[in-house]
Amino acid sequence: MQKEIRYEDVTRITAEAPIAAAVHGGRAKCLQRLIRLGMPIPATAALSFDAVRRIAAGRLPDMGALMGAFGPAPLLSVRPSSQDPDWGGPVAILNIGMCDAAYERLRHEIGAPAATSLYVRFIHAYAVHVARLDPEAFDVPAEPSHEDLALMLRSYEEETDELFPQDPAAQLTGVLKSMARAWEGTSARLLRQAKGAPADAGLGLVVQEMALGVGQGESGSGVIAFVDPATGERQVRGRYMSQSQGREALSAGAKALYLAADARGPSLEERCPAPFAELLEHGRACRERLREEMQIEFTIENGQLRILDAVRVQRSARAIVRIAVDLAEAGIIPEEEAVLRVEPAALSQLLHRQIDPAAPRDRIVKGIAASPGAASGRIVFTASEAQASAARGEPCILVRRETAPEDVRGMHAAQGVITLRGGITSHAAVIGRGLGLPCVVGASDLTLDRKRQKIVGPDGRSFAAGDVITVDGTSGEVLAGEPAMLEAGLDDAFRTLLGWADRFRDIGIRANADTPGDAQTARNFEAEGIGLCRTEHMFFEGDRLGVMREMIFAETPKGRRAVLDRLLPMQRADFERLFEIMAGSPVCIRLFDPPLHEFLPNDRAGIRYLADRLDLAASDVAARIEALEEYNPMLGMRGVRLGVTVPEIYEMQARAIFEAAIAAGQNGAPVVPEIMIPLVSAMREVELVKNRIDAVAVNLHNETGAEVEYKLGVMVETPRACLRAGDIAEHSAFLSFGTNDLTQMTYGLSRDDAGRFMSAYVQQRVYEEDPFHTLDLDGVGELLSLAAERARSGVPDIVLSVCGEHGGDRQAIEFCRARGFDYVSCSPFRVPVARLSAAQLALRAPR
């Protein structure tokens, strides 16, 4: 039976002392580990979370015993020790115990200038952080004199009507109370909760004997790290400054020394080779024994090195990946742990340009972060303006009330997109993620004035066409001007980490790719195939839109086939290129889905242009467009309903797919295309479409002699399709759940309009999260579970997948793994994140 460990309120930190991060905080535990490594740590005591809570309530520990642990007349420091260093804490207080008596003693031991500096520093810290006095009255001169010291003591007395405390125990009591109460304050509580800390997170305090850093001989302080925090590359970083304390060296500029020998100036290595060599050895020990890259805070006191503290090196997303991979390749941690150490969000940052965290941000408006990354450019308001801007070589940001399929070419040309309407699965958001294009949607506080060609922010500022703005699709902010950027960083460490992840994950990862460019991106990110190719986007390329409109206006099946015959070679070329890029990997092609009216103009100029092209009266064109309009087009004549009532479109697409597969197979690996029918709700729909596609395959075989092999499946997007999945599976090789539309239909919500009220719903806990952003496990998830169970009860080997935007979400991947789905499919730029998430879920799963 394991012996119960009893934790005291105050514990001297030794190698064997009962110290735990959950009781005393991370700093206290780290100091114990450094002591175990044999580092020269000054005498240190740890106060537990419970002790600090009691101090905040006015109940102090035995101060005599605490002071006695450090011998007679000690000088002390107090530092915060929260459970997670990222949660922060009160500012550290140094030189506790400085008083008139200590000052006189130290004047003789280390000299008057050093003693004066220590006393002045402590008065400043105590006045500002304990007594809460105005900092301006206690500024510390660069080289304080005895007169400066006397002035600060008088200022303290005038401000508080009390003499500066001379009892070291009273000073320490004041510091402990101040730090304990600061942690319990409302502002501090909210700040740490924003960083992920629980509301009742505790604070420990570490009381440590001072290693002065000022005085006789070579004395000073510094900070050393052994990796570049921006890249993760191994190199000595930091600074050292003589006659200093704490972290002053980092902000001392030219007064500070480099650490390693450097052509730019003097270094610690040259001035104090022995302490520098010790620091290198301590860094090596931290890396190998603590299995982490640490930043060490140290002092040198009359030539002797003392280690005060060590923390994890703060690091960028790129450095997080590099450090994890380097530690694994050095055999310090296993590859599995390296994969688990990297948060998927860090990979997402690496895939896109980001705004430099140090750059100022002039926010115009905040919307919904729909596609990560950042981009700057001149404002344009139409797709044609975006294309013209790109042709001139001028980066632009496309601003629209909402985007439609005809805006896709403009989105390709733009550096970023902003829409006033829409949510996380709106047209702009989906296309933006597919293109890797920074996108902010639902910026409803922005006013768009098309006539005057300007946008107006909620603060009244106007920005005209041509003005430079910045889209931050990671935060959802739109900024004025062009802040500094950090470039994307895909290096060998990135690829190595994902290679390990692929070995550990147990679910497939495909990409949603609509164009050859998307497919190449998916291939570059090592997707295992294309899980969703939305063919309708191909009809907006080049002159195809005009041909498509001719087909819509054709009056007979024969007339439609004649026009579609002109589209067939274009579609065939698209598919052949996709198959060639994917080189034998599966490609799942969704047949035509949107309602036909989306391809028709909705303004007078567009109607006149189309009438001229069709040689029809403008009034006839307008009447035809009006006749095709629907009250609720997303639930109207689209998807399989078009395939049943206007079968010529699906027949043309099937022939283009088969011909492309035959051609690509002759030049490379055999291709077995997967054809997916959208918006199915009844088994009979599948039968009808399957019969027609089979007939196309037979006719092609009769004409060419080529064998046509393919798989037919269904995109499950309606609740009824989930309920009838058992019947539908009998005619399908696979079922792929389109969770975007399935969420819309389950909730009765428009994904383009939900952004108007979704934040209020989440804040008031109507929904835990936006269901278009995070898969709704209780509602939509139950439909998926039910459909999977019914489909596999009749067809055990049917392939199941999720291909909506939820496919790259960690929670959705976990859900799909648990129910035995074969793969998920997401936007190409989310593929690396999905690969890593899937691996981490597999590694953390119960064995």
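Select A583 to start: A583 lies in the loop between helix 21 and strand 25. Helices (H or I, at least four residues) and strands (E, at least two) are DSSP runs, numbered from the N terminus. This is a predicted model, where local features need pLDDT of at least 70 and side-chain atom pairs count only at pLDDT 80 or more, while totals for chains, interfaces and linings use all residues. Residues are numbered from 1 along each chain as its sequence is written, and side-chain values use heavy atoms, with hydrogens and water left out.

Stay on A583. Its phi is positive, about 50°, although A583 is not a glycine. Most residues other than glycine have a negative phi. A583 counts as partly exposed, at 42% relative accessibility. Buried means under 20% relative accessible area, exposed over 50%, and partly exposed in between (1.4 Å probe, protein chains only).

Two strands pair if DSSP finds at least two bridges between them.

Pick strand 23 (residues 508-512) and strand 24 (residues 530-534). They run parallel and are joined by 2 bridges. A511 has I530 in strand 24 as its bridge partner.

Move to strand 26 (residues 674-677). Which residues point which way? E674 and M676 point one way, I675 and I677 the other, and all are buried. Strand 25 pairs with strand 26 in the parallel sense over 3 bridges. There, C588 stands opposite E674. On to strand 27 (residues 711-716): strand 26 pairs with it in the parallel sense over 4 bridges. I675 has L712 in strand 27 as its bridge partner. Trace the chain from strand 26 through helix 26 (residues 683-704) to strand 27; this β-α-β crossover is right-handed. That term applies if, with the strands pointing away from the viewer, the path from the first strand over the helix to the second runs clockwise.

**The cores**

Select L497, F579 and F658. In the largest nonpolar core, of 130 residues, these touch the most other members. A nonpolar core is a set of buried Ala, Val, Leu, Ile, Met, Phe, Trp, Tyr and Cys residues joined through side-chain atoms within 4.5 Å. Helix 25 (residues 648-667) gives the most to this core, with 10 residues. Apart from it lies another core, of 54 residues, including A45, F138, L176 and L203.

Go to E293, in the loop between helix 11 (273-289) and strand 8 (294-301). Is E293 buried or exposed? E293 is buried, at 2% relative accessible area. Its side chain makes a polar contact with the side chain of R287 (2.7 Å). Such a contact is a pair of N or O atoms within 3.5 Å; within protein, one must be able to donate a hydrogen and the other to accept it, and residues adjacent in sequence count only if both atoms are side-chain atoms.

Finish at N302, in the loop between strand 8 and strand 9 (304-312). N302 has a positive phi, near 55°.
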